[in-house]
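Hi everyone, thanks for coming. I'd like to take you through one structure this morning, so please have the sequence and the 3D view open.

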Amino acid sequence: SVKDMKEIVALCKRRGFVFPASDIYGGLNGFWDYGPLGVELKNNLRDLWWKWMVTCPPVGPDGQPVDIVGIDSSIIQNPKTWEASGHVGGFSDPMVDCRETKLRYRADHLIAYMPKNGEGNGYAFMENEEEDVIAKRIKNLSGGKSIGNFEATPLVDLPVTAYATIVGPDTKTPGTLTEPKQFNLMFHTFVGATGGDDNKAYLRPETAQGIFLNFKNVLDSSRVRVPFGIAQVGKAFRNEVNPRNFIFRSREFEQMEMEWFCHPSEAKMWRDFWFAERQKFWTAIGLVSENVRMRDHDKDELSHYAKEGLGTADIEYRFPFTAPGFGELEGIAHRCNFDLTQHQKHSGVKMEYTDPMDPKNKFIPDVIEPAAGLTRGVLALLCEAYTPDPNRPSGVYLNLHPALAPKKAAILPLTAKDQHPVIATKLYMDIRNEFAVDLDIKQNIGKRYARQDEIGTPYCFTIDDQTVADQTVTVRERNTMSQERIGLDHVAEYLRKNIRS
Ligand code: ATP
């Protein structure tokens, strides 16, 4: 059954995972803030990715762990970066404006319903609109015609002349659409006190270029040798035409990217290796494999840098708003040697690698790039974890992998008197150094369990009169709600055993 996105968004706000940015001013379209629990979940995903990539990277085909180092590069770089990378010239989406409402849409996200007999208006809708909603709107707008009289076509595939008669997707106030224009997605700013084109700079639209810019620095300062990787996690900014689906497509977001540098003759082997590793990652941290799939890009979808190579595949997740279809979570691309070659051309700095075993062997490495969304990953994990359950007071719990749960355990004194809070506080002080734990003293116990269920805390330890008498506590397990008693002095060991990443 498809989960209700509205309920997931409501839980995120109610419990402090994600808030609209500038909420008190009515928000800002495409921007989000992460609350006390959201930041913990996001940091946990970031740290797990870092662990899988940098501190405990996978074992390669030769039986040895591969070599990956991390960096943290600047968000604003010399603007020549983005000329060399192709973003100034080509990082754009086709968009259309509604002449009457002035609203702007991504042309490739619109589906046009054109009359089969060629007579009268066609109507455009957002691609994720439900078919029965579309049918109703078409009926209203066309004075009673049924959806069966229309044929659905992606708007970008239509001849421009079709726009003369098309009615835009905001059907409350229908209007006609302009021809598609390319719209560059980079945000600009100015560096230094004087504005003007000479000082224009860009907020990075991807973290990858910061890695290519530092390829030489990393090679010259560390002991890595090809093949190796450089990883980075950080903010990226894209002035998306239609930010939507909660944090799935926002204008400020975070990426987790790794550029793997290898000899061109080994590109295929490493591409297959990273395809497999990256899928393993997402399923190991809790995405159910039925909801994850790998999809090869069609030829016409390939980015400029991937045209010549082995292609690109996406790891996709079945989000509630794409179901029964899938949406991109991570792209794994063979970037060939496009970026290093471009930076060599534009900067004049040689990007060649010299094989230390054979100094005559000089080459610009090929790149395999697994590029994942951190904030989009948080959304996939929240959607997967959200589990309606009529048998508990909260009606729902988050089935998060313990390694990702913002709190690993809650310590709950049954009452606010009789030694309960004293013992609870001591337990909390004893284990907080090792685990992220919540000490929650007030409110009735049912409400406190409900809160912990909704934030995905795997274990609750309750301190009651029996604890005072025999030094045991109740452990309540989130998913089964089963309870057992264990010794107070076994709590840390219990968590150590049950919470492994
Ligand atoms: P899309 O086709 O959805 O616009 P993309 O193919 O342009 O995405 P990439 O440039 O490959 O995306 O970026 C790598 C990853 O960064 C994506 O798989 C996604 O998880 C994340 N990402 C890209 N754009 C956004 C965005 N606007 N909001 C949130 N995450 C994003």
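**Around the ligand**

Let's begin with the ligand: it is surrounded by 15 residues, and the closest are Arg238, Glu240, Arg249, Ser250 and Glu328. Do keep in mind that this is a predicted model.

What is the make-up of that shell by class? The shell around the ligand has six charged, five nonpolar and four polar residues.

Now for some individual contacts. On the backbone side, an N or O atom of Leu329 lies 2.9 Å from an oxygen atom of the ligand, and a backbone N or O atom of Phe248 lies 3.2 Å from a ligand nitrogen. From a side chain, an N or O atom of Arg376 is 3.3 Å from an oxygen atom of the ligand. As for burial, the ligand taken alone exposes 590 Å², and the protein buries 82% of that.

Which elements give two or more residues to the shell? They are strand S14 (252-262), strand S17 (327-336) and strand S20 (366-373). S17 gives the most, with four residues.

Let me turn to a helix pair. Helix H2, residues 36-55, packs with helix H8, residues 267-284, at an angle of about 145 degrees, and their axes are 12 Å apart. H2 passes H8 in a right-handed crossing. On the H2 side you'll find Leu45, Leu48, Trp49, Trp52 and Met53, and these meet H8 residues including Trp274, Phe281 and Trp282. By class, the contact of H2 with H8 has nine nonpolar and three charged residues, and no polar ones.

That's my tour, and I'm happy to go back to any view.

Technical notes:
Residues numbered from 1 in each chain as written. Predicted model: local features only at pLDDT ≥ 70, side-chain atom pairs only at ≥ 80, totals over all residues. Heavy atoms only, no water. Axes fitted to C-alpha atoms, helices over the stretch in contact; angles between N-to-C directions. Left-handed = near helix turned anticlockwise from the far one by under 90°. Contact = heavy atoms within 4.5 Å. Nonpolar A, V, L, I, M, F, W, Y, C, P; charged D, E, K, R; others polar. Near = heavy atom within 4 Å. Polar contact = N/O pair within 3.5 Å; in protein donor to acceptor, adjacent residues only side chain to side chain. Areas by Shrake-Rupley, 256 points an atom, 1.4 Å probe, with all protein chains shown as cover.
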